[in-house]
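Student: Hi! Could you walk me through this one? I have it open and I'm new to it.
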Amino acid sequence: SIGYSQSDVFKVVLDAGHGGKDKGACYHGKKEKDITLAVTLKVGKIIEENSNIDLIYTRKTDEFIELRERAKIANQGNANLFVSIHCNANMNPNANGSETYVMGMSRANMNFEVSKAENSVIFLEDNYKASYKGFDPNNPETMIGLKIVQENNLDSSIDLATKVQNNFSIINAIKSRGVKQEPLWVLDASIMPGVLIEIGFISNPTEVNILNSEEGQNDIAKAIADAIISYKKEYFGN
């Protein structure tokens, strides 16, 4: 089965990007940290009303949380999915649309070296045995097992990302830019399938109004929540 939860409960980490002193992208008088929090809380509300999924939030208020801490919250929580919500920005004000990122294949080989170098910080501090089920990142033989885990994660992550973007393509207000692969640290450090969703461009004068509106946020939240619920049904049943 996909996901490494110790129990039968399906757990999802909802990660509102930025927060506190880290404002994220700021355009047209709007801050990314505020929009990501509003949308994340709406995603959680929809899931709570429509599915028996346990939710873990990296933040529910305007507070600063280190990137490292976000991955640790997911790993310690034995989550099945990690979903990080962000806004895009570009020097070109015309850039628009949503896209969902998964861990880039370009990191596939280097990833294990990074894991070994940083494992004392990220993985070994807490809940190591439960998280890794006996894997020792310092032992090359068990790294083979870890590689299989991460390849399974990538397939699952791409599947969730595709569901998210398919749902976005139904929202007329924000177009879908598709699924992308990039070496993103927070996805790299999380030991479960994960995606980072760029819900739209805060730098686009039209799109920022959608991102900041109640209606726009509800549409975006529904697209994300429906994808998570659909993923859970497909892999874990009802």
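Student: Is Cys87 buried or exposed?
Tutor: Cys87 is buried, at 5% relative accessible area; buried means under 20%, exposed over 50% and partly exposed in between, using a 1.4 Å probe and protein chains only. This is a predicted model, where local features need pLDDT of at least 70, side-chain atom pairs count only at pLDDT 80 or more, and totals for chains, interfaces and linings use all residues. Residues are numbered from 1 along each chain as its sequence is written, and side-chain values use heavy atoms, with hydrogens and water left out.

Student: And what about Cys26?
Tutor: Cys26 counts as partly exposed, with 41% relative accessibility.

Student: How many disulfides are there?
Tutor: The count is 0, taking a disulfide as a pair of cysteine sulfur atoms within 2.5 Å.

Student: New topic: which residues have the most contacts inside the largest nonpolar core?
Tutor: They are Val12, Val43, Val83, Leu160, Ile199, Ile224 and Ile228, in a core of 40 residues. A nonpolar core is a set of buried Ala, Val, Leu, Ile, Met, Phe, Trp, Tyr and Cys residues joined through side-chain atoms within 4.5 Å.

Student: Which element gives the most to this core?
Tutor: That's α8, with 9 residues. Helices (H or I, at least four residues) and strands (E, at least two) are DSSP runs, numbered from the N terminus.

Student: What does Ile224 touch?
Tutor: Leaving out residues up to four places away in sequence, Ile224 touches Val39, Val43, Val83, Ile85, Phe168, Ile197 and Ile199; contact means heavy atoms within 4.5 Å.

Student: What comes just after α2?
Tutor: Asn78, which takes a positive phi of about 50°.
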